Amino acid sequence: MKLSIQNISKRFNKEKYGLKDYSLTIENGILGLLGPNGAGKSTLMKIIATISRPTTGSVELDGHNILQDPDYIRKMLGYLPQDFGVYANLNAYEFLEYIAAMKGVGGPNLRKRVEALLEGVNLIESAKSPIGTYSGGMKQRIGIAQALLNDPKVLIFDEPTVGLDPEERMRFRNLISDLAQNSIIILSSHIVSDIETIADEVAIMQGGMLITKGTQAEVIKQVDGRVFESVLESTALPDFKTKHLVVNTSRQKDKVLVRYISIEPVNGSVPAPASLEDAYLFLTHKSN
Amino acid sequence: MGTFYTIIISDYKQRTRSYAFLVTLAISLYFAHSFVPAADAKYTTVRIGNYIGVQNAAWIGYVTAMMTSVFLSMTGFYLTNSGIKKDVDTGVGEIVATTPISNLNYLLAKAWSNFLVLLSITACVFVMGIALFFIRSGGYPFEVVQFILPYLVITVPTIFFIAALAVTGEVFLYRYAILMNIGYFFFFCAMGTLDAGGAGVLDLFGNTPVATAMQETVLHHYHDANTALSMGFNFGGKKAIHSFIFEGVHWTAASVLSRALWIGLGLLLIFISSKFFHRFNIRQKIKAKKKSKFPKIIPQAVILKDIKLSELPPVTSAYGIFPFIKTELLMLFRKGPRWLWLINLGGMIALAFAPLTVAHQIILPILWFLQVGRWSDLATKEKTNRIHYFTYASYRPLTRLLPAQIMAGIILSLVLASPLLVRYLVAMQFLPLVSIVMGGGFIVLFAVALGILSGGKKLFEILFFMFTYANVELVPFTDYFGGINHNVNYLVLIAGLIAFLAFVSFMLRRLEISRV
């Protein structure tokens, strides 16, 4: 499958753009979207999910223009919005069957699939309770289950791990990695480690534009050899921050261990292996 | 004091910066325009026996103030009775609960904010009243005091009390919004009856002193024994109407004090409410079938079973709308307290055994009005529950989900009306039978169209309330279910309205889907 986004812009008003001349091609596998708040990640996902229309540009799935024929992608779409709600007095079975009806999914196997998904997201024990009694994490998991109801070929997860505990996050990663062979999976997260452990490719966005896209190795390479660590006096830190891009600090008694990105390291610094987080911070900072 | 003022103004701003408020304001102004009928209009609003006043400043000022008092009593409660709920829904309430603001001050701020919302509408009607005076231009002198005084003494105390009552209703009935809405309907009817009977101090609308002054004027000039006050939109009998010159009311200290008492009563209600206010220490009440089976906090399962999505049973396509209708009916059924179904059942029994005319004209509209909470968010609940991202990204949302919602609503209306339908069927009276079926379709589509148009349920609640009140008062042009009108032309008119509402609903929803 191939999802092709060509020169899309989303203009909210005269001065404000959600996306600006954005192009991206996505094939089977998991694409992680990274970017600060307001970068346009959710806007992009809503456009792909056919909820929002771009002001200009085109979106095609295997050559079909989904802006003209949104139902083409809707049949094979699984979408988890960032901010979604539930009908509080339906239970998990009823809610998922309702969403299944929306997706045009039915048949004798639906109940089995619903049960399997509820097991997969660890909600089977409480599946007959009204969803209004669920915790935030449980609601998030019901959201994940609904996205997987229709055997989707295009999966869009906007901040899927919000509210999940570390174990549930791991289960989520396992759950969707199984689908990556035959589907396009796009997920956004503020937690770089979530993207780092699961995504085949990473796209970094800022200000409605694509800064870079590539495999993790390709993205990390852009900051390779520029990451250093140094121990400083605590009082020197504010001044140091004005001169270098500090990506992390950790206190050590009256000193502080600083991880920073620079072309010219300060004396006493030691090179450190670059991570996706370093690359993300460097690229978004540079873009600013 | 500055902080308190800021809270009121901020609350007022967030409530008036909504599309629903603007739509309500526009409708209010439309009604306000009709408060003083033109000379050639076929209806009257305020009438003393067979007399109406010439359109001088006193008549226009007092009539618009009286009508606004009644109109905003009717609609204002529904417009303002969700200020605290909004704080609950948005989570702002929990932040408020952690601040030093006292219950009394918080509730007072809400009441003042409600009051300002209603006062804004009143101010617009006031300006329209003055404009009407100049447009009608009867050659009478402009006396601004004849406009200001009635609004101050009649309308303002009424809307203040309504604003406070809306807060009290939210405090005591926060879990039973349906009960609150229905309860207010009967309260308003009771107040209307008291007003018509010259209630004195108990006159919430403040019309008694004005009616007395008008009656005395008529009696003094014409010595006519028939000086009964008639208020509302009265059609017919206008040919026999004579005019008189009304010069306003001489307000005594006692009558002004009796109006001020309503403000005091409003403040007292707020004070009492503050003693019982939940201060957002509430848990959303969810109706579980077997409550004891479900602990409030559900423990996590210990044994985790991994699944492989690629090995799940395959699903087949099913693009029908029956599963939607089933779920929509389920949600309609579960909405509101269970005991309300006992009242519904009682209403259905009454439909089966009451005299046919009473059942059709009175019981049916009231029974349908009891469903106001179920129908009012029929097509807006996706947005209020933030399900719309799923809905709008689903397969053919316009032609599958919306028809299912409409059909579920209509099924509910017909199930409730079924005893009456059976009676008409047995009696082989097909015209009223079809009228009821079309009435069910009309009211559901009315709810859907207004819901999508205003983005909320308030507008429908207010108009449905007004319709029902007018239905019970046997006002012909609000008879959407054939209680009074029994002819084919009327059915064609309702069918046209249904088609129009359906068209509007689908167009608006299509626009909504494209503009998320």
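A polar contact is a pair of N or O atoms within 3.5 Å, where, within protein, one atom must be able to donate a hydrogen and the other to accept it. In the predicted model described here, this rule finds 2 residue pairs in polar contact across the interface of domain 1 of chain B and domain 2 of chain B. The most is given by α8(B), with 10 residues. By residue class, the domain 1 side of chain B that touches domain 2 divides into 19 nonpolar, 6 polar and no charged residues.

The two domains of chain B span residues 2–276 for domain 1 and 322–514 for domain 2. Their centres, taken over C-alpha atoms, are separated by 29 Å. Contact between them involves 25 residues of domain 1 of chain B and 23 residues of domain 2 of chain B. About 2,300 Å² is buried between the two domains, and carbon and sulfur atoms give 85% of this area. Of the area that domain 1 of chain B buries against domain 2, 28% is supplied by Y78(B), I178(B) and F185(B), more than by any other three residues. The number of salt bridges found across this domain interface is 0.

Chain A contains 10 helices and 15 strands. Along the principal axes, the C-alpha atoms of chain A fill a box of roughly 70 × 45 × 35 Å. Chain A has 288 residues, of which 57% count as buried. When contacts in chain A between residues at least 6 apart in sequence are considered, 66% join residues at least 24 apart.

The interface of the two chains takes 50 residues from chain B and 59 residues from chain A. Together, chain B and chain A bury about 5,100 Å² between them, with 61% of this area on carbon and sulfur atoms. L309(B), Y389(B) and F390(B) supply 15% of the area that chain B buries against chain A, more than any other three residues. Between the chains, 16 residue pairs are in polar contact. The rule also finds 3 salt bridges across the interface of chain B and chain A. In one salt bridge, the side chains of R334(B) and E94(A) meet with an N to O distance of 2.8 Å.

On the side of chain B that touches chain A, the elements giving two or more residues are β5 (316–317), α11 (322–334), α15 (381–384), α16 (388–392) and α17 (397–426) of chain B. Among the elements, α11(B) gives the most to this side, with 7 residues. The residues of chain B on this side divide into 28 nonpolar, 10 polar and 12 charged.

Over all chains, the count comes to 25 salt bridges. In chain A, the side chains of D71(A) and R74(A) meet in a salt bridge at 3.3 Å, N to O. Both residues lie in helix α2 (residues 70–74) of chain A, where D71(A) and R74(A) are 3 residues apart, about one turn of the helix. D71(A) and R74(A) are both buried.

In chain B, D11(B) forms a salt bridge with K110(B), and the closest N and O atoms are 2.7 Å apart. This pair links distant parts of the chain, with D11(B) in helix α1 (residues 2–16) of chain B and K110(B) in helix α6 (residues 103–136) of chain B, 99 residues apart. D11(B) counts as buried because its relative accessibility is 10%, under the 20% limit for burial. K110(B) likewise counts as buried, at 3% relative accessibility. D11(B) and K110(B) belong to a network of salt bridges that also links R15(B) and D87(B).

A further salt bridge in chain B joins K458(B) to E461(B), with the closest N and O atoms 3.7 Å apart. K458(B) and E461(B) are separated by about one helical turn because they are 3 residues apart in helix α19 (residues 458–472) of chain B. K458(B) is buried, with a relative accessible area of 15%, and E461(B) counts as buried at 2% relative accessibility.

Conventions:
Residues are numbered from 1 along each chain as its sequence is written. Chains are lettered from A and ligands numbered from 1 in the order in which they are written. This is a predicted model: local features need pLDDT of at least 70, side-chain atom pairs count only at pLDDT 80 or more; totals for chains, interfaces and linings use all residues. Side-chain values use heavy atoms; hydrogens and water are left out. Domain bounds come from an automatic or database domain assignment. Contact means heavy atoms within 4.5 Å. Buried area is the accessible area (1.4 Å probe) that two parts lose on being put together, summed over both. A salt bridge is a side-chain nitrogen of Lys or Arg within 4 Å of a carboxyl oxygen of Asp or Glu. A polar contact is a pair of N or O atoms within 3.5 Å; within protein, one must be able to donate a hydrogen and the other to accept it, and residues adjacent in sequence count only if both atoms are side-chain atoms. Helices (H or I, at least four residues) and strands (E, at least two) are DSSP runs, numbered from the N terminus. Ala, Val, Leu, Ile, Met, Phe, Trp, Tyr, Cys and Pro count as nonpolar, Asp, Glu, Lys and Arg as charged, and the others, Gly among them, as polar. Buried means under 20% relative accessible area, exposed over 50%, partly exposed in between (1.4 Å probe, protein chains only).
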